[in-house]
Amino acid sequence: MLPPVLVGFTAYGIAMWMWDASCKRQITAAETAEDNNNKSAPSPASKNTMTVRLVLLALAFLLIGMGILNDGLTDILMKAINICTECIGLG
Amino acid sequence: MDKIKNVLRALKPSRRRLIQVYAALLYNANLKGFIRGEIYAGSTKGLCVPGLNCYSCPGAVGACPLGALQNALASSDKKAPFFILGILLLTGLILGRSICGFLCPMGLLQELLYKVPVPKVKKSRFTRLMSWLKYVILLVFVVIIPLRYAAQSLPVPAFCKYICPAGTLEGAIGLLSHPANADKLSLLGGLFTHKFLILIVLATACMFIYRAFCRFLCPLGAIYGMFARVALAGVKVDRSACTDCGRCMAHCKMDIRHVGDHECIHCGECIPVCPEKAISWKGGKVLLAENETEVPSPRHVHRRMIAWALALLVLGGALWYFNRPDANTAAASTEVQAGETSTGCHVGDLCPDFTVPLYGGGEFHVRDQLGKVTVLNFWATWCAPCCAELPCFQQLQDACPDTVTVIAIHSRLVTDDVEAYLAKQSYTLPFALDTDGSVIASLGGGTMLPMTVILDRNGHIVYNAAGSMTHEKLSALILPLIAD
């Protein structure tokens, strides 16, 4: 499990960095564009953000659904209604 | 008169402080738990609250997302942690680090400690560097260590165990401060001393440094910080209006590089500071106010009043629901059962009679063990100290097979395939299942594991306590009984 999680963290970091660079490019492009007549239209950066939000939202619901199916919710409940003495520092 | 007015004005809590207090109360609505010295065990505990609030706190009515994440990762060899990852993704996406600024009870506590009138340490390059420490803690204590031990089927929530001040304050101290848990004081040892010292150091640091734990150590803040760019709630900067004057940065006490980044807790205190009114709330049209500097319109005031009324209704409902007289009746019924059979759960009492089904077939009847010293160990696969102490009981069983009966009884709360777990180990102990939790309840236990009960040859209780057992301690308890 450890390697996939490390890969996931690294991938997340790279994706964020690339996205940041992409947003900056697009913002610069938008700012230097000569035609500023259509100010009410959403910028490419905000479009990007909205797409990422929608993808993440869908992913969150998918994970929650899968978690309910594999009893992940019950596992949290089991842990939360019992006290692991060591976990709260009692020993 | 003006002086009094000024003092009252200074004492008037901000809207953010009211929301923080509201969230802390809502998360810990089981006030009865503080009076009884026991934790809430209802179904709402399956839901993670946004913010750091230990689920072993007597008042907690929801689960801590960080504790749940560590436990899910610690069990990831058996089950993928989809649910908690989904919950973190959803809450992070909607609220981001606004959770730290508005909802986290630990955040509230740190801000109150910062009000203590002592010299303050301002942010600097050093504090900015230190703010990366929480990412290291996230990776090492929340991810790597639980996953590393999961490979050995040993659940170790390392952050909870070694660092979390919320667990020490709300869980350990919250429970131990009640007279009903006085017997648990014997559990305190090196681990508690270590965690208590961390708590004291952090509490002291928070008086001098704004949100010291939140800024430098909190891995939950690190997780929510990853959603800074996409979170729906929080503050935003209108780049076309911003003149980069830096007043917001100078006013902010967090280690931000710019407003709204991963260190920003979206408290909104920079909004009135901005001379260009370039900072406002995201979704201001949907929420109650876009910019704190503007006088709210009557429509906004009306909507704000409705929101507060609804929020108070929810809090009132929660306080009534979790503290209504008919809840948590399990303990009372146990006492009645114990009284009916003239047995008890205290040292010197006759152990209540019970029969439990054994894994692998057959039954274990406690009365059949009269004439031998009997050791009852209550454990669970998801409990790290329980799994760690099993070899002690195996050793005892191997050393005294004729004079001592040892049985490990799994909690009724089964989250893993216990037989599969046992197949991986090489224990020859008998393992049983407390099917409905009645056995541990009849012995005065219930929510605290591990628990060990030792009976003498006549079936009388000579030891009954929750907490980890060591080989030395077990030997010291058993040897006099065998010698009798």
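**Notebook: chains A and B**

**Entry 1, a lysine in chain B.** I began at B:Lys161, which sits in helix 10 (residues 158-162) of chain B; helices here are DSSP runs of H or I with at least four residues, strands are runs of E with at least two, and both are numbered from the N terminus. Before going on, I noted that this is a predicted model, in which local features need pLDDT of at least 70, side-chain atom pairs count only at pLDDT 80 or more, and totals for chains, interfaces and linings use all residues. I also noted that residues are numbered from 1 along each chain as its sequence is written, that chains are lettered from A and ligands numbered from 1 in the order in which they are written, and that side-chain values use heavy atoms, leaving out hydrogens and water.

Is B:Lys161 buried or exposed? I found B:Lys161 buried, because its relative accessible area is 13% (buried is under 20%, exposed over 50%, partly exposed in between, with a 1.4 Å probe and protein chains only). Setting aside neighbours within four places in sequence, I listed the residues in contact with B:Lys161 (heavy atoms within 4.5 Å): A:Glu86, A:Cys87, B:Leu191 and B:Lys195. The side chain of B:Lys161 also makes a polar contact, at 3.3 Å, with the side chain of B:Tyr162. A polar contact is a pair of N or O atoms within 3.5 Å; within protein, one must be able to donate a hydrogen and the other to accept it, and residues adjacent in sequence count only if both atoms are side-chain atoms.

**Entry 2, the interface.** Two partners of B:Lys161 were in chain A, A:Glu86 and A:Cys87, and I turned to the chain contact next. I counted 43 residues from chain A and 67 residues from chain B in it. The two chains bury about 4900 Å² between them, 74% of it on carbon and sulfur atoms; buried area is the accessible area (1.4 Å probe) that two parts lose on being put together, summed over both.

How many salt bridges does the rule find across the interface of chain A and chain B? I got one, taking a salt bridge as a side-chain nitrogen of Lys or Arg within 4 Å of a carboxyl oxygen of Asp or Glu. The side chains of B:Lys79 and A:Asp75 meet in a salt bridge, 3.0 Å from N to O. For polar contacts, I have seven residue pairs between chain A and chain B, both residues at pLDDT 80 or more.

On the side of chain A that touches chain B, at least two residues each come from helix 1 (2-32), helix 2 (44-69), helix 3 (72-80) and strand 1 (83-84) of chain A. Helix 2 of chain A gives the largest share, 13 residues. By kind, I sorted that side of chain A into 29 nonpolar, eight polar and six charged residues. Nonpolar means Ala, Val, Leu, Ile, Met, Phe, Trp, Tyr, Cys and Pro, charged means Asp, Glu, Lys and Arg, and the others, Gly among them, are polar.

Strand 1 of chain A runs parallel to strand 8 (residues 448-449) of chain B, and two bridges join them; strands pair if DSSP finds at least two bridges. I saw A:Cys84 opposite B:Leu449 in strand 8 of chain B. The peptide bond from B:Leu449 to B:Pro450 is cis, with omega near -5°. B:Pro450 belongs to the loop between strand 8 and strand 9 of chain B.

I followed the chain on to strand 9 (residues 451-455), which pairs with strand 10 of chain B in the antiparallel sense over five bridges. Among them, B:Ile454 has B:Tyr463 as its bridge partner in strand 10. The two strands form a hairpin with five residues between them, and B:Gly459 in the turn has a positive phi of about 85°. Strand 10 (residues 461-466) is mostly covered, with five of its six residues buried.

B:Asp244, not a glycine, has a positive phi of about 55°. I placed B:Asp244 in the loop between strand 1 (235-237) and helix 15 (247-251) of chain B, and it counts as exposed because its relative accessibility is 65%. B:Lys277 also has a positive phi, near 55°. B:Lys277 lies in the loop between helix 15 and strand 2 (279-281) of chain B and is partly exposed, at 47% relative accessible area.
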